[in-house]
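Open the model in your viewer and get ready to select side chains.

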Amino acid sequence: MSRTAYQAIARVFAVVLAIAGIGLTVGGNYAHGFVTDQLSQQKITMPSGKALTSQDMKDTLEKYAGKPMTTGPQAEAFANHYIQAHMNATADGKTYEEVSGEYIACSADAAKKDTTECTELGAARQTLFMGNSLRGMLLNAFGWWLLGTIAIWVGVGALVLAVILAALGWLVLRPAKA
């Protein structure tokens with residue numbers, strides 16, 4: 001291939017990558033802004049002090065202590081190290097499905113139906129359901145934040161590559177003057 005063909009290819013790819021890079025960084029920033037807006041509306045304050053009852057909670061959540069939840073990483077830390085710990089404590093590490101099954105079996109038994117055991121299983125079932133729901137929503141916010149972050153970095157990479165190709169296409173690969 002001739003130098004002119006390489007020059008044309010470099011120029012075309014420079015333009016395409018510049019457009020893609022701008023689109024990706026704008027999209028990534030939009031995702032970050034959307035997640036921040038949604039989390040801010042919930043007015044969740046990250047736990048601090050005595051609310052951090054385990055070393056795992058302290059190690060993960062202390063850097064966010066007392067701050068409003070506004071980012072995906074905060075949502076992920078809160079979901080996996082605060083809500084999950086409380087869910088595990090509520091049901092001795094059992095899942096919603098396990099506790100729900102026990103509750104259904106207990107409430108179906110006429111002899112156990114109105115016992116403290118059934119009442120406690122029902123309360124644990126409700127707590128686990130709410131915990132799972134909140135965890136799912138927060139982890140969804142984290143997922144979109146992560147996609148936004150990936151889009152931003154891919155966009156920056158595309159822009160850097162576009163600049164390199166533009167330099168090649170418009171400066172380095174110019175045909176030699178006669």
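Start by selecting glutamate 102 and lysine 94: their side chains meet in a salt bridge, 2.9 Å from N to O (a side-chain nitrogen of Lys or Arg within 4 Å of a carboxyl oxygen of Asp or Glu). By this rule the count comes to one salt bridge. This is a predicted model, where local features need pLDDT of at least 70, side-chain atom pairs count only at pLDDT 80 or more, and totals for chains, interfaces and linings use all residues. Residues are numbered from 1 along each chain as its sequence is written, and side-chain values use heavy atoms, leaving out hydrogens and water.

Colour by accessibility next. Glutamate 102 is partly exposed at 32% relative accessible area, and lysine 94 is partly exposed at 33% (buried is under 20%, exposed over 50%, partly exposed in between, with a 1.4 Å probe and protein chains only).

Leucine 121 is buried, at 13%. Its C-alpha lies 7.3 Å from that of glutamate 102, 19 residues away in sequence. Beyond its neighbours within four places in sequence, leucine 121 contacts Val99, Glu102, Tyr103 and Cys106 (heavy atoms within 4.5 Å).

Finally, show α3 (residues 72–90) against α5 (residues 116–172): they pack at about 165°, axes 8 Å apart (lines fitted to C-alpha atoms over the stretch in contact, with angles from 0 to 180 degrees between N-to-C directions). That makes α3 roughly antiparallel to α5 (an angle over 145 degrees).

Methods. Helices (H or I, at least four residues) and strands (E, at least two) are DSSP runs, numbered from the N terminus. Angles under 35 degrees count as roughly parallel, over 145 as roughly antiparallel, 65 to 115 as roughly perpendicular and the rest as oblique.
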